[in-house]
Amino acid sequence: MTQLTDTRPAIGAGPALSSPAPLRPAPDFGPTDRARGWLVTLFLTVVAAVTRFTMLNYPTDAGTPVFDEKHYAPQAWQMLTGGGVEDNPAYGLVVHPPVGKQMIALGEALFGYTSWGWRFTAAIFGSLLVLLVIRITRRMTRSTLIGAIAGVLLIADGVTFVSSRIGMLDIFQAVFVVGAFGCLIVDRDEMRARLARADAEGRIAASVFGPRMGVRWWRFGAGLLLGLSCGTKWSGLYFILFFGLMTVCFDVAARKAYGVPRPWAGTAVRDIGPALYALVAIPLLVYLATYWGWFASEDGYDRYSVGNAVGTGGTWSWVPDALRSLWHNQAESLKFHQSLTNSAGNHHPWESKPWSWPMGLRPMLYYYADNGVTGCGQAVCVKAVMLIGTPAMWWLSLPMLAWALWRTATRSDWRYAAMLVGYGAGLLPWFADLDRQMYYFYAVPMAPFLAMGLALTLGDILGPAPLVRARSGRWFALAGERRSLGLLLVCLYLGLVIANFIWLWPILTALPITPSNWHDHLWLPSWR
């Protein structure tokens with residue numbers, strides 16, 4: 001006799017159990033297995049934290065920061081000890097906004113100017129990123145299993161792993177971006193729930209524009225997080241643009257689904273204005289607020305540009321001097337970034353272009369030592385930290401993207417479309433200026449969306465469990481050959497990813513290895 005097990009509906013909306021199809025979407029506004037969902041989420045987050053915090057204080061450069069930590073760790077310490085402002089003697093100006101350095105300073109406040117201090121919050125954020133990806137993927141798919149798969153993939157991703165163990169800015173931006181994305185996914189569900197209530201109450205057609213959505217706190221939260229993202233790196237602006245278009249498309253689709261007479265006009269009248277407030281005005285205000293230390297300082301770089309580097313008169317003289325000084329400061333930073341071009345003679349041995357990022361064709365060497373290194377069992381040992389995407393994941397990015405585009409175009413699958421928006425925001429804008437110096441760590445915000453996309457694809461391989469109806473009237477999942485084979489393939493693939501991550505562990509964490517072992521890890525000529 002076939003064993004029946006109680007389960008949740010298959011990924012996405014529940015199966016159509018009647019014909020013709022209902023005129024309104026099924027009332028499916030989020031997963032319902034809350035206790036199990038949080039248990040799985042917290043367990044995997046703990047696993048992520050263990051990997052991120054293990055030997056977090058290693059390696060260092062004779063007790064000092066490594067790679068670009070040499071900029072951000074001392075700047076964060078200056079913020080902590082100098083009234084919230086920092087300078088940058090290496091360049092003569094501060095080239096990034098303050099939020100990421102403020103986050104690093106929190107760790108230094110706890111552990112001092114040590115490797116634990118300048119890496120602690122990065123490890124916290126790296127663990128939090130796994131939690132967010134699990135919850136967001138679970139909500140999009142209505143499946144705790146698929147959410148867990150996304151979490152396992154991200155735990156075993158070399159890019160986010162290394163970024164979580166170094167005092168740089170990229171992991172902070174990734175968390176703010178993914179958090180904002182998650183807020184907009186929850187906002188989508190809440191707005192559909194509100195429209196469903198309005199439909200049940202007969203208010204959908206009370207106006208040709210449809211009902212007002214009311215206060216949208218989750219979208220407001222997305223605006224706060226996007227402001228923090230821009231306050232970490234200016235590339236957060238790309239996500240404001242892409243996510244703004246995404247949430248407006250969500251609104252149009254929701255109004256169409258619930259029969260609003262004029263859904264496009266309704267979105268223009270009811271939704272775009274509040275969206276501009278939440279996702280443009282709020283991030284701008286948050287961005288300005290991140291400079292609180294600079295505004296309050298007497299010696300912040302460029303703090304008193306007006307009257308010195310900038311004249312006191314002119315068209316914009318009505319703007320407060322503090323804001324004009326900040327504008328001048330930002331313009332100087334922009335000039336610095338614009339000057340970092342290959343045509344101007346700026347080259348770096350580990351730079352890369354965005355076309356190489358999806359497959360991780362040109363990783364980034366953060367640390368390397370071969371002098372006085374012991375512990376590998378031979379006379380000569382080396383140790384290295386390389387920012388490298390786990391090939392079992394990143395080398396499948398192009399097939400995954402092709403499948404996501406196909407599902408979006410042929411099935412109107414909003415989950416793949418949303419993932420593509422996040423992934424595209426981290427990749428596509430960089431093609432606008434290929435002459436600029438670029439590095440693989442710019443791809444860190446792409447990694448969570450890669451994990452989501454792979455998890456969605458694995459969910460399609462797994463397939464839905466066939467449903468049967470018991471005498472009690474409840475629906476149960478029946479394990480079939482198709483699903484069993486899919487489960488086997490998914491498990492084998494996850495095993496491959498984990499094994500690949502374990503293989504890379506020595507060059508992700510600077511364990512002493514032999515020179516031949518080091519070269520064995522460099523699979524492609526472009527990795528050298």
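Student: What percentage of the 528 residues of the protein count as buried?

Tutor: This is a predicted model, in which local features need pLDDT of at least 70 and side-chain atom pairs count only at pLDDT 80 or more, while totals for chains, interfaces and linings use all residues. Residues are numbered from 1 along each chain as its sequence is written, and side-chain values use heavy atoms, with hydrogens and water left out. Buried means under 20% relative accessible area, exposed over 50%, and partly exposed in between, for a 1.4 Å probe and protein chains only. By that criterion, the buried part of the 528 residues is 54%.

Student: How does the radius of gyration of the protein compare with the globule rule, and what is its value?

Tutor: The protein contains 19 helices and 5 strands, where helices (H or I, at least four residues) and strands (E, at least two) are DSSP runs numbered from the N terminus. The radius of gyration is taken over C-alpha atoms, and the globule rule is 2.2 Å times the number of residues to the power 0.38. For 528 residues the rule gives 24 Å, and the protein comes close to this, so it is as compact as a globular protein of that length, with a radius of gyration of 25 Å.

Student: Are Arg188 and Asp189 buried or exposed?

Tutor: The side chains of Arg188 and Asp189 form a salt bridge, with an N to O distance of 3.4 Å. The relative accessible area of Arg188 is 10%, and that of Asp189 is 2%. Under the 20% cut-off, Arg188 is buried and Asp189 is likewise buried.

Student: With which residues is Gly389 in contact, leaving aside its neighbours within four places in sequence?

Tutor: Gly389 sits in the loop between strand S3 (383–387) and helix H14 (391–394). Its relative accessibility of 6% makes Gly389 buried. With contact meaning heavy atoms within 4.5 Å, the partners of Gly389 are Asp157, Val159, Trp394 and Tyr440.

Student: What is the phi of Ala510?

Tutor: Most residues other than glycine have a negative phi. Ala510, in the loop between helix H18 (481–509) and helix H19 (515–521), is buried with a relative accessible area of 0%. Its phi is positive, near 65°.

Student: Is Ser412 buried or exposed?

Tutor: Ser412 is found in the loop between helix H15 (397–411) and helix H16 (414–427). Although not a glycine, Ser412 has a positive phi of about 50°. At 61% relative accessibility, Ser412 counts as exposed.

Notes:
Salt bridge = Lys/Arg side-chain N within 4 Å of Asp/Glu carboxyl O.
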